[in-house]
Amino acid sequence: MSLISDLRSDIGANHGQLKGQFAVAFFRIAHASRLPLNKPANPLALVVGVAYRLIVEWILGIEIPWRTTIGSRLRLFHGVGIVINDQTVIGNGVSIRQNVTI
């Protein structure tokens, strides 16, 4: 799917959960801007990645690395304490609650 359609479905899935909407939207943007291993460094991707880590991981307490593969309609409930390994593959329509480690 495209970034815009994933953003729309994720924001809709997190209706009423402002923190979840923000975290998932920022994840999608960071994931889309990540650096492919065979490309030269992109300064914009670095800025997005650092901002994502600072805001979502350190301030909100949701650790979802930007390399993680996640399907559409991801729903985060009370995101504090979520830790996901960067090699995890998560399908469509998944809900994750607080204090979950994958």
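This is a predicted model: local features need pLDDT of at least 70, side-chain atom pairs count only at pLDDT 80 or more; totals for chains, interfaces and linings use all residues.

Student: Why does the pair of Arg67 and Asp86 tie together parts that are apart in sequence, and by how many residues?
Tutor: Arg67 belongs to the loop between strand E1 (62-63) and strand E2 (69-70), whereas Asp86 belongs to the loop between strand E4 (82-83) and strand E5 (89-90). Because the two residues sit in these two loops, the pair ties together parts whose separation in sequence is 19 residues.

Student: Which residue forms a salt bridge with Asp6, and is that residue buried or exposed?
Tutor: The partner of Asp6 is Arg28, with the closest N and O atoms 4.0 Å apart. Arg28 lies in helix H2 (residues 18-33) and Asp6 in helix H1 (residues 3-13), so this pair ties together parts that are 22 residues apart in sequence. As for accessibility, Asp6 is buried, and Arg28 is likewise buried.

Student: Which residues do salt bridges that share partners join into one network?
Tutor: The side chains of Asp10 and Arg28 also meet in a salt bridge, at 2.5 Å from N to O. Asp10 lies in helix H1 and Arg28 in helix H2, so that pair ties together parts 18 residues apart in sequence. Through shared partners, the salt bridges join into one network the residues Asp6, Asp10 and Arg28.

Notes: Residues are numbered from 1 along each chain as its sequence is written. Side-chain values use heavy atoms; hydrogens and water are left out. Helices (H or I, at least four residues) and strands (E, at least two) are DSSP runs, numbered from the N terminus. Buried means under 20% relative accessible area, exposed over 50%, partly exposed in between (1.4 Å probe, protein chains only).
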